Amino acid sequence: MIEAADSEWMARALQLAERGLYTTAPNPRVGCVLVRDGAIVGEGWHERAGEPHAEVHALRAAGDAARGATAYVTLEPCSHHGLTPPCADALVEARVARVVAAMQDPNPQVAGRGLEKLRAAGVEVDSGLMEDAARELNIGFVARMERNLPWVRSKIGMSLDARTALANGVSQWITGDAARQDVQHWRARSCAVLTGIGTVLADDPQLNVRGIENVQQPLRAVVDNALRLPPHARLLQQPGVVIYTAARDLQKAIALEAAGARVVELPGADGQVDVAAVLDDLADQGCNEVLVEAGTKLNGSLLQAGLTDELVLYVAPQLLGDMARGIARLGELTSLEQRIELEWKDVRQVGRDLRIVARVRKG
């Protein structure tokens, strides 16, 4: 039975889990707190993929004090052998008396089996405490497990009249320094940054994480229908680039692969890159969260296909006028039923700009 004091300890476990925000992919972010006689005897979090899970760190910190303790875990303890042994077994062996999990693991390899293993061993089990917060922390992992697609988040810097660049393509810089630094945190928590060839040719971006230490650099992915990406692009100066194309041009593909990229042909029925297949491929590579930093065409394609989950909009206090470029090419809507509806999640000021986080309403 869940008691009032349980929320305090689970909140601490969630705080610990958040420390792995930039480092655990493709694994989930998980925290664990061991409490006995009203005091913490051990705690830990999953720090990096391939290393011990949160429960193991907490048990090591607690030692013999884990016996008879309650374990607060932000995600159901795993029950299968992966790169590390099952955490459910470790908790049983440590003789903990009770386990409180924020949520069941959506991974089909676990999916309730960890909790059942604990119950079968005589451990008291409760689940569902602060589940919404736990799901939010692992929104990309949950998406990949439940629908085999990453969580797709589009970052857009724009003027107050929703313009992202002048008609001639000039866009640097609409937003201020604080907003651009804030973007680094969205990149750092993402497994991949997805862009279009138009953005690469116009801005020659690096799309890597800068100014944040101890992060896993995201994969850089480019939708490039005709393989126009030049082998000397700054994007290719670091490893971890994949180019999705609709063209079958062996000479260009060989040149780009020699520059360090992986080239994948994913033509759609319209002769353009199939963006749904792109996300399928990224999910197959273990990408939980994908940050889209692109122009009107790719943003429009993803929105029209119902593949965008969230928008992160940086709104600068300026007007660029009717001739400037918009945020997404959606074509003409002939009825309000065709509109894309959003839900506000967060609005705050970042430097001189506003940052709006909005979720796309599905269904």
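This is a predicted model: local features need pLDDT of at least 70, side-chain atom pairs count only at pLDDT 80 or more; totals for chains, interfaces and linings use all residues.
Let's start with the overall layout. The sheet is open and has nine strands, in the order β10-β9-β8-β7-β11-β6-β12-β14-β13, and the pairing is mixed. At the edges sit β10, residues 261-265, and β13, residues 342-350, each of them pairing on one side only. From one strand to the next, the twist averages 20°.

Now to β6, which covers residues 151-159. This strand pairs with β12, residues 310-316, in the parallel sense, and seven bridges link the two.

Next, the helices. Helix α6, residues 139-147, lies across β6, β11 and β14, and runs at about 130° to β6. Helix α11, residues 296-304, also packs on the sheet, where it touches β6, β7, β8, β11 and β14. The direction of α11 makes about 110° with that of β7.

You'll have noticed β14 coming up. How many of its eight residues are buried? Seven are, so β14 is largely enclosed by the rest of the structure. On one side, β14 runs antiparallel to β12, with six bridges joining them, and here Glu310 stands opposite Arg359. β14 also pairs with β13, again antiparallel, over eight bridges. In that pairing, Val350 has Asp353 as its bridge partner.

Conventions:
Residues are numbered from 1 along each chain as its sequence is written. Side-chain values use heavy atoms; hydrogens and water are left out. Two strands pair if DSSP finds at least two bridges between them. Helices (H or I, at least four residues) and strands (E, at least two) are DSSP runs, numbered from the N terminus. Axes are lines fitted to C-alpha atoms, for helices over the stretch in contact, and angles run from 0 to 180 degrees between N-to-C directions. Contact means heavy atoms within 4.5 Å. Buried means under 20% relative accessible area, exposed over 50%, partly exposed in between (1.4 Å probe, protein chains only).
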